[in-house]
Amino acid sequence: MFSTASPALEAVRYLPPRHYDAAFRQTNPWRGPPGTHSDDIDLAWHQIELGAGGIRLTEEEVKTLNVTGTEGHPLHKIPEEHGGGYLGMLEVFHLLHCLNSLRMGLWYNYDYYKVLEDGVPRENVMTHYDHCIDMLRISLMCQSDVTPALFYDPLENPLRRDALPDWSSLHTCRDFSAILEWNKNGPRSVRWRDAGSNPAWDPSMPGAEEPFEPEGGEGDGRHEGPGGHHHG
């Protein structure tokens, strides 16, 4: 009733109520000790964002989204040899991509990841970060989670004036793993390299984006996605 029409609704399952695992100081697959970097963490992020790939939608499903292309910006169609249909992406993976981009752009991470910006105009880099911040703001305000977070008194710290928040509040969450599995391995799954290129793309032009690496190449595809690392 309160969700936009989506073929992925068939994959939505709800987990039993549980507390967020949100301790202030912790590590997990997406978070290492402060200031450290690892391929494992980067891969964990990639697997829950652009690494999920796209999905195909039918013309009837596109109509339910109240979206139409224009003469200059027609909706992108997947080549028939890769299944046809219209190319889509679940919003959750876009937002996670934005969060990962901001993670890599943090002042204590940027020197490590700045190689990803090679050749990208600085204005594009800054616009991408501003876009990501605004997308996360829009989503947070749209969802408006009203779960109360309680505060506790740190009695062991007489220097602390204020109570501290406990962010491990109780939530009933959708099963993200089920949605990820549906997106990556379901009948609608589309790899970015199979989605087809912009008909106007001319790789011979200076500054044009590079073709995808050949299958089985040295790259792990970690930074492949729609429009590369920076949109626009």
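## Reading helix packing and backbone angles

User: What does the secondary structure of the protein chain come to?

Analyst: The secondary structure of the protein chain comes to six helices and seven strands. Helices (H or I, at least four residues) and strands (E, at least two) are DSSP runs, numbered from the N terminus. This is a predicted model, where local features need pLDDT of at least 70, side-chain atom pairs count only at pLDDT 80 or more, and totals for chains, interfaces and linings use all residues. Residues are numbered from 1 along each chain as its sequence is written, and side-chain values use heavy atoms, with hydrogens and water left out.

User: How do I read the crossing of α1 and α3?

Analyst: Start with the idea of an axis: a line fitted to C-alpha atoms, for helices over the stretch in contact, with angles running from 0 to 180 degrees between N-to-C directions. Angles under 35 degrees count as roughly parallel, over 145 as roughly antiparallel, 65 to 115 as roughly perpendicular and the rest as oblique. Here, the axes of α1 (residues 39-47) and α3 come within 9 Å and cross at roughly 155 degrees, so the two helices are roughly antiparallel to each other. I41, D42 and W45 of α1 make the contact with L96, L99, N100 and R103 of α3; contact means heavy atoms within 4.5 Å.

User: Which residues in α1 are buried?

Analyst: Buried means under 20% relative accessible area, exposed over 50%, and partly exposed in between (1.4 Å probe, protein chains only). In α1, the buried residues are I41, D42, A44, W45 and H46. They pack against α3 and α4 (110-113). A handy rule for reading such a list: an α-helix has 3.6 residues a turn, so residues three or four places apart point the same way.

User: And how do α3 and α6 cross?

Analyst: The axes of α3 (residues 91-105) and α6 (residues 176-185) come within 11 Å, crossing at roughly 105 degrees. These two helices are therefore roughly perpendicular to each other. V92, F93 and L96 in α3 meet F176, I179, L180 and N183 in α6.

User: What is there to see in the phi of N66 and of S144?

Analyst: In general, most residues other than glycine have a negative phi. N66 has a positive phi, near 55 degrees, and is found in the loop between α2 (59-64) and β3 (86-88). With 72% relative accessibility, N66 counts as exposed. S144 also has a positive phi, near 45 degrees, and its place is in the loop between α5 (122-143) and β4 (151-152). At 40% relative accessibility, S144 counts as partly exposed.
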